[in-house]
Amino acid sequence: FAGGIFFLLRGRLGSAFTFIAGTAVLVGALVLTTPLGNYFHLYQDRAGAESFSGRTILWSAVMPAIKAKPILGHGYMSTEFLMFQVNAVGWAAPHLHNGFLEALYSTGAVGFVVMMMILVVIPKNLYRVLCLAPKSDYLYQVAAGCLALYAFLIINGFFNSSFGGKATPPFMVLLALVVVSQKLLQLARDAATTGKRTL
């Protein structure tokens with residue numbers, strides 16, 4: 001999906017369709033020719049698909065704990081001990097498998113607001129770059145790539161702790177996108193002011 005967004009932002013509808021179709025064919029081939037297909041059948045038979053591998057059960061169980069400390073949360077990286085605090089699933093959950101809930105549980109409303117500010121400023125900056133830079137300019141292409149990467153991190157964040165908790169590589173990439181998007185916007189504004197193309 002994020003790869004398709006990258007090609008769409010660059011105005012290449014055919015490439016976006018080809019990329020998504022090629023990925024679907026590759027996934028289908030892997031499911032049919034590797035043990036991945038057996039895994040999906042086992043996953044579905046155990047009702048894992050209905051609860052996203054027990055994620056929705058975990059999310060429901062942790063809501064009272066979030067409501068108990070809504071402002072400051074339970075402390076940074078407190079989800080590392082989640083298996084001892086919330087005994088809701090039959091597996092050792094090292095985190096909440098959701099970046100938004102991770103931020104709410106660990107750092108409360110204070111941390112959640114900061115996280116939302118980060119999640120808003122990145123696409124806002126990148127959208128402005130796309131508006132300022134010509135499509136043939138490298139700034140436009142880099143901004144389109146960053147926006148596709150951002151989309152991937154957000155989608156992943158709904159089912160994984162890509163952000164809001166431990167400083168994992170995806171979280172650090174998200175924080176880096178704040179700086180990169182600011183710099184790209186500055187370069188695009190400078191180029192628009194001077195009338196000079198960056199490439």
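Helices in this text are DSSP runs of at least four residues, numbered from the N terminus. The model is a predicted one. By this assignment, Ser162 sits in the loop between helix H7 (138-157) and helix H8 (169-194).

The protein chain holds eight helices and zero strands, so that its elements read α-α-α-α-α-α-α-α from the N terminus on. Of its 199 residues, 35% count as buried. Among contacts with a separation of 6 or more, 69% join residues 24 or more positions apart. The accessible surface of the chain is about 11,400 Å², and carbon and sulfur atoms account for 70% of that area.

Helix H4 (residues 55-68) has 14 residues and spans 20 Å from its first C-alpha to its last, close to the 20 Å expected at 1.5 Å a residue. The helix has a kink of about 30 degrees at Val62, shortly before the proline Pro64. Val62 is also one of the buried residues of H4, a list that includes Arg55, Leu58, Trp59, Ala65 and Ile66.

H7 has 20 residues and reaches 28 Å between its end C-alpha atoms, close to the 28 Å expected at 1.5 Å a residue. At the start of H7, a side-chain oxygen of Asp137 comes to within 2.8 Å of the backbone nitrogen of Leu139.

The largest nonpolar core has 26 residues, of which Leu119, Tyr150, Phe163 and Leu174 touch the most other members. Helix H6 (99-132), H7 and H8 are the elements that give two or more residues to this core. Apart from it lies another core of ten residues, among them Ile66, Leu82, Ala93 and Leu96. Beyond its neighbours within four places in sequence, Phe163 is in contact with residues including Phe100, Met115, Leu119, Leu153, Ile154 and Leu174.

Two serines lie in the loop between H7 and H8: Ser161 and Ser162. Ser162 and Glu102 are 60 residues apart in sequence, and their C-alpha atoms are 9.3 Å apart.

Val121, in helix H6, has a relative accessible area of 26%; because buried means under 20% and exposed over 50%, this residue is partly exposed. Leaving aside its neighbours within four places in sequence, Val121 is in contact with Val178, Ser181 and Gln182. Val121 and Val178 are 57 residues apart along the chain, with their C-alpha atoms separated by 7.1 Å.

Key: Residues are numbered from 1 along each chain as its sequence is written. This is a predicted model: local features need pLDDT of at least 70, side-chain atom pairs count only at pLDDT 80 or more; totals for chains, interfaces and linings use all residues. Side-chain values use heavy atoms; hydrogens and water are left out. A nonpolar core is a set of buried Ala, Val, Leu, Ile, Met, Phe, Trp, Tyr and Cys residues joined through side-chain atoms within 4.5 Å. Buried means under 20% relative accessible area, exposed over 50%, partly exposed in between (1.4 Å probe, protein chains only). Contact means heavy atoms within 4.5 Å. The expected span of a helix is 1.5 Å times one less than its number of residues. A polar contact is a pair of N or O atoms within 3.5 Å; within protein, one must be able to donate a hydrogen and the other to accept it, and residues adjacent in sequence count only if both atoms are side-chain atoms. The bend at a residue is the angle between axes fitted to the seven residues ending there and the seven starting there. Accessible areas come from the Shrake-Rupley method with a 1.4 Å probe; for residues, only the protein chains shown count as cover.
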